[in-house]
Amino acid sequence: MKIRTLAAFLAMVAGTVVATLYITGLNRTAHADAPAKAGPIYAQLSSMTTQLPKDGNPLIVQMENNDALSGLTHDPKAKPGEIKVDTDGVYFVVAAIQVGKEKGDTEDAVDVWIKQNGKDVDNSGCRQAVPDPKYTTVLVSQGIAECKAGDVLNVAISASAPDKGLGIVASSPKGEATIPSIILSIYKIN
């Protein structure tokens, strides 16, 4: 009986208590009385399109599927390569790409990295060597991004030998789940 009474008292008082939490390293203060966003903020986007850089310049990866989306903005028709942040916070970002190439037996490389507001995110790049057309693997770039509302995130790729059809590949194995060329997952962690 005492626990129920204490729990009821704490629930009643919680609405009137104003607490301030300082998040170390972010130089921001969050107030407990600030309006909370309904539910978690997340996205999982993907593409069933093979995407190959054509001229040695970076290519912004296009994602035409919103597999799951809440609290972030992604328009797969108008701006399939952009994810807009709607709420200030710190986000965990994972870009997993399926790399491959169409021809050639020399070791060539595919790079992937994250961009924020048009700028490369430091230390987000990853590279995978692709020796021949039979070889595919998943290359992952992941990290923590401090974002403000309105920030735009992109995934970029480049290929050391674009003339060999080197890039990210999608496929549909018979009787299995599809293999997207990219799966991008984002989750707001604070």
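Analyst: Happy to; what follows takes the labels in turn and sets each value against its cut-off. Please keep in mind that this is a predicted model.

User: Thanks! What makes up the chain overall?

Analyst: The chain has 15 strands and one helix. Of its 190 residues, 37% are buried. Its accessible surface is about 11,100 Å², and carbon and sulfur atoms account for 56% of that.

User: Why is Lys101 called buried?

Analyst: Buried means under 20% relative accessible area. Lys101 has 5%, so Lys101 counts as buried. Asp108 has 9%, and therefore Asp108 is buried as well.

User: How do you know that Lys101 and Asp108 form a salt bridge?

Analyst: The cut-off is 4 Å between a side-chain nitrogen of Lys or Arg and a carboxyl oxygen of Asp or Glu. For Lys101 and Asp108 the N to O distance is 2.7 Å, so the pair qualifies. The structure holds four salt bridges.

User: What about Arg127 and Asp111: which labels do they get, buried or exposed?

Analyst: Arg127 is at 60% and exposed means over 50%, so Arg127 is exposed. Asp111 is at 17%, which is under 20%, so Asp111 is buried. Their side chains meet in a salt bridge of 2.7 Å, N to O. This pair links distant parts of the chain, with Arg127 in strand 11 and Asp111 in strand 9 (residues 108-116), 16 residues apart.

User: What makes the pair Gln128 and Tyr135 a polar contact?

Analyst: The limit is 3.5 Å between N or O atoms, one able to donate a hydrogen and the other to accept it. The side chains of Gln128 and Tyr135 are joined at 3.1 Å, so the distance is within that limit. Gln128 is in strand 11 (residues 126-130). Leaving out residues up to four places away in sequence, Gln128 touches several residues, including Val99, Asp108 and Thr137.

User: And how many disulfides are there?

Analyst: A search of the whole structure finds zero. A disulfide is a covalent bond between the sulfur atoms of two cysteines. As for individual cysteines, Cys147 is buried at 0% relative accessible area, whereas Cys126 is partly exposed at 24%.

User: Which residues make the nonpolar surface patch?

Analyst: Tyr42, Phe92, Ile144, Tyr187 and Ile189 make a patch of about 470 Å². Patch residues need over 30% relative accessible area. Tyr187 has 41%, so Tyr187 passes that limit and is partly exposed. Tyr187 belongs to strand 15 (residues 182-188).

User: Where is Gly71, and is it buried or exposed?

Analyst: Gly71 sits in the loop between strand 5 (65-70) and strand 6 (72-75). Gly71 is at 17% relative accessibility, under the 20% limit, so Gly71 counts as buried.

Key. Residues are numbered from 1 along each chain as its sequence is written. This is a predicted model: local features need pLDDT of at least 70, side-chain atom pairs count only at pLDDT 80 or more; totals for chains, interfaces and linings use all residues. Side-chain values use heavy atoms; hydrogens and water are left out. Patches are made of residues with over 30% relative accessible area and no salt bridge: like charges are joined within 9 Å, nonpolar side chains (Val, Leu, Ile, Met, Phe, Trp, Tyr) within 5 Å. Accessible areas come from the Shrake-Rupley method with a 1.4 Å probe; for residues, only the protein chains shown count as cover. Helices (H or I, at least four residues) and strands (E, at least two) are DSSP runs, numbered from the N terminus. Buried means under 20% relative accessible area, exposed over 50%, partly exposed in between (1.4 Å probe, protein chains only). A disulfide is a pair of cysteine sulfur atoms within 2.5 Å. Contact means heavy atoms within 4.5 Å.
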